[in-house]
Amino acid sequence: MPPVPETSARPEDPAVANDYDSFAEAYSAENEASLLNAYYERPAMLALAGDVAGRRILDAGCGSGPLFAALRDRGAIVAGFDKSAGMVELARRRLGDGADLQVADLGGPLPFPDGRFDDVIASLVLHYLEDWGPALAELRRVLKPGGRLLVSVEHPFAITLMHREAGREADYFATSNRTEDYTFSGQTALLSLWDRPLHAMAGAFTAAGFRITVISEPEPAPAARKLFPDQLAATPRFLAFLFFVLQCAG
Ligand SMILES: C[S@@+](CC[C@H](N)C(=O)[O-])C[C@H]1O[C@@H](n2cnc3c(N)ncnc32)[C@H](O)[C@@H]1O
């Protein structure tokens with residue numbers, strides 16, 4: 001089972017969940033130094049992105065901007081948006097007044113012209129959406145022909161394992177809602193996520209006009225084994241998120 005943050009199942013109304021404004025500071029602090037973000041998701045995403053110098057990149061669901069900052073440091077021209085005004089405010093504090101940051105909802109119309117970006121990166125955000133169709137169509141619209149969409153989401157097999165090890169029913173093949181308490185820097189936060197199997201992800205990508213060029217199940221950064229020995233000791237191979245590199249087809 002992946003060492004996910006402490007969670008507990010709670011059959012709450014998903015409509016009241018994902019209020020990142022109410023736990024923005026706590027989430028951002030957790031993300032800054034955690035195994036899952038700082039030593040796993042972010043380095044893996046940066047490695048998949050490769051040499052980004054001079055590329056126009058959209059950070060979709062940018063949170064408080066740690067990936068935006070790392071891409072900008074590597075010479076990319078970055079824009080970011082997030083649904084949470086609180087997270088965008090933290091990103092502005094990190095990145096400065098001149099940073100191209102907006103509050104916008106992935107799933108609705110995005111405030112960018114057609115063909116604006118070489119790459120879009122959607123780190124740990126698509127799994128908040130039940131229907132990926134409208135979001136993927138918008139992300140494709142703002143990409144240049146041949147542009148790339150890089151995605152990370154909860155790994156569906158890791159989620160199924162987590163449920164089974166907790167003694168809960170788990171249907172890998174279902175697209176299903178999971179509403180749970182997470183703990184970020186000591187603060188409880190209710191998250192509502194949509195789990196779906198690999199074939200449903202692949203189907204959504206191809207239906208939206210993307211070609212899958214890479215599927216990745218990376219290892220954490222080398223420093224992680226020393227920094228998080230207890231969390232990693234029991235796992236010869238680590239599994240928490242699933243990564244894709246997609247290219248606009250045709
Ligand atoms: C797990 S955090 C990841 C933040 C950032 N991408 C990172 O990896 O550091 C998820 C982020 O997605 C944002 N988010 C959730 N649903 C969204 C939506 N429909 N549109 C835009 N952002 C959304 C949240 O506000 C939050 O900042």
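Residues are numbered from 1 along each chain as its sequence is written, and side-chain values use heavy atoms, with hydrogens and water left out. Because the model is predicted, local features need pLDDT of at least 70 and side-chain atom pairs count only at pLDDT 80 or more, whereas totals for chains, interfaces and linings use all residues.

The structure contains 15 aromatic pairs (rings of Phe, Tyr and Trp, the last by its six-membered ring, with centres within 6.5 Å; planes under 30 degrees apart are stacked, over 60 edge-to-face and the rest tilted). In one of these pairs, the ring centres of Phe-23 and Phe-184 are 6.0 Å apart and the planes meet at 35°, so the pair is tilted. Phe-23 sits in the loop between strand S1 (7–9) and helix H1 (24–33), while Phe-184 belongs to strand S7 (residues 176–184), so the pair ties together parts 161 residues apart in sequence (helices, H or I with at least four residues, and strands, E with at least two, are DSSP runs numbered from the N terminus). Both Phe-23 and Phe-184 are buried (under 20% relative accessible area, with exposed over 50% and partly exposed in between; 1.4 Å probe, protein chains only).

Trp-132 and Phe-205 form another tilted pair, because their ring centres are 5.7 Å apart and their planes are at 35°. Here the loop between strand S5 (117–123) and helix H5 (133–142) provides Trp-132 and helix H7 (residues 198–207) provides Phe-205, so parts 73 residues apart in sequence are tied together. Trp-132 and Phe-205 are both buried. Ring pairs also link Tyr-20, Phe-23, Tyr-27, Tyr-128, Tyr-182 and Phe-184 into a cluster.

Turning to H5, its residues Ala-135, Leu-136, Glu-138, Leu-139 and Val-142 are buried. These residues lie on the same side of H5 because they cover an arc of only 160° around the axis (taken from the directions from the helix axis to the C-beta atoms). The buried residues of H5 pack against strand S2 (56–60), S5, S6, H7 and strand S9 (210–216), with contact meaning heavy atoms within 4.5 Å.

Finally, the lining of the largest cavity consists of His-127, Val-153, Glu-154, Pro-156, Trp-194, Asp-195, Arg-196 and Met-201 (on a 1 Å grid over the protein atoms alone, a cavity is a set of points where a 1.4 Å probe fits but cannot get out; lining residues have an atom within 4 Å of a point). Strand S6 (143–154) and strand S8 (187–195) each supply at least two residues of this lining.

Note on methods
On a 1 Å grid over the protein atoms alone, a cavity is a set of points where a 1.4 Å probe fits but cannot get out, and a pocket is an open set with protein on both sides within 12 Å along at least five of seven lines; lining residues have an atom within 4 Å of a point.
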